[in-house]
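Have the sequence and the model open side by side.

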Amino acid sequence: MASEDKELVGARHTIPAATFVEDVDEYMKKSGTPAPDALLKMLEDNLNKYRFMESNLAQKKRRLKAQVPDISKSLDLLKHLEKKSGDSAELETRFMLSDGVYAQGSVAPTKTVGVWLGANVMVEYPLADAQALLSRNLSQAQKNLVHVKEDLAFLRDQCTTTEVNMARVYNWNVQKRRRQQS
């Protein structure tokens, strides 16, 4: 259970939280950064890191959104094959050769299927084992999708906080320069 909890935590705990700068004067004193330009540069670097992480998570979300329907279709097909496994008649179907290209074919009743694992690896499983594997994969993909969505929301909040901080430091610097000129 403990290892399962660690798995479900998501990336949120590895994403550094942006702290809101309430009082820029105090923050400048605490940070030890004498020039606001250096602080702005640091905040901009953090914002770029957040955007990079957001880009990676958005890509992962797109991949998971495509993966969930594929796994569901495979599970439906396995259930159909399991129903037809008792029949002695061949199953007429169409096989996808490439995008938009299909070939007519027939499938003899079978008790095993090949499951594509990726990385040029296909493993033959009994129907029940394949169904259990794909069910676990579907469940995990759905959980991962939920966590990625949560992490994306958290990252967007961090980006907003960092952008607000940058604006506050910039405005503080403008006001400071105006006071010095007066």
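Start with Ala119, which is exposed at 76% relative accessibility. Here buried means under 20% relative accessible area, exposed over 50%, and partly exposed in between, computed with a 1.4 Å probe on protein chains only. This is a predicted model, in which local features need pLDDT of at least 70, side-chain atom pairs count only at pLDDT 80 or more, and totals for chains, interfaces and linings use all residues. Residues are numbered from 1 along each chain as its sequence is written, and side-chain values use heavy atoms, with hydrogens and water left out.

Ala119 sits in the loop between strand S3 (112-118) and strand S4 (121-126). Helices (H or I, at least four residues) and strands (E, at least two) are DSSP runs, numbered from the N terminus. Ala119 is not a glycine, yet its phi is positive, at about 55 degrees. Most residues other than glycine have a negative phi. Asn120 lies in the loop between S3 and S4 too. Its phi is also positive, near 60 degrees. Asn120 is exposed, with a relative accessible area of 72%.

Now look at the strands on either side. S3 and S4 form a hairpin with two residues between them. They run antiparallel and are joined by six bridges. Two strands pair if DSSP finds at least two bridges between them. Gly118 has Val121 of S4 as its bridge partner.

Next, the interior. In soluble globular proteins, nonpolar side chains tend to be buried together. The largest nonpolar core here has 34 residues. A nonpolar core is a set of buried Ala, Val, Leu, Ile, Met, Phe, Trp, Tyr and Cys residues joined through side-chain atoms within 4.5 Å. Val24, Ile71, Leu78, Val113 and Val169 have the most contacts inside this core. Helix H2 (24-31), helix H3 (36-84), S3 and helix H4 (127-181) each give two or more residues to this core. H4 supplies the largest share, 15 residues.

Take Val169 from that list. Not counting residues up to four places away in sequence, Val169 touches Val24, Pro36, Leu39, Leu40 and Leu43. Contact means heavy atoms within 4.5 Å.

How do H2 and H4 meet? Their axes come within 10 Å and cross at roughly 100 degrees. Axes are lines fitted to C-alpha atoms, for helices over the stretch in contact, and angles run from 0 to 180 degrees between N-to-C directions. H2 and H4 are therefore roughly perpendicular to each other. Angles from 65 to 115 degrees count as roughly perpendicular, under 35 as roughly parallel, over 145 as roughly antiparallel and the rest as oblique. Val24, Asp25 and Met28 of H2 make the contact with Arg168, Val169 and Trp172 of H4. Four of the contact residues are nonpolar, none are polar and two are charged. Ala, Val, Leu, Ile, Met, Phe, Trp, Tyr, Cys and Pro count as nonpolar, Asp, Glu, Lys and Arg as charged, and the others, Gly among them, as polar.

Stay on helix H4 for Thr162. Is Thr162 buried or exposed? Thr162 is buried, with a relative accessible area of 2%. Leaving aside neighbours within four places in sequence, Thr162 is in contact with Ala18, Leu43, Leu47 and Tyr50. Thr162 and Val21 are 141 residues apart in sequence, but 9.0 Å apart in space, C-alpha to C-alpha.

Finish on helix H3 with Asn56. Asn56 is partly exposed, with a relative accessible area of 35%. Asn56 and Met42 are 14 residues apart in sequence and 21 Å apart in space, C-alpha to C-alpha.
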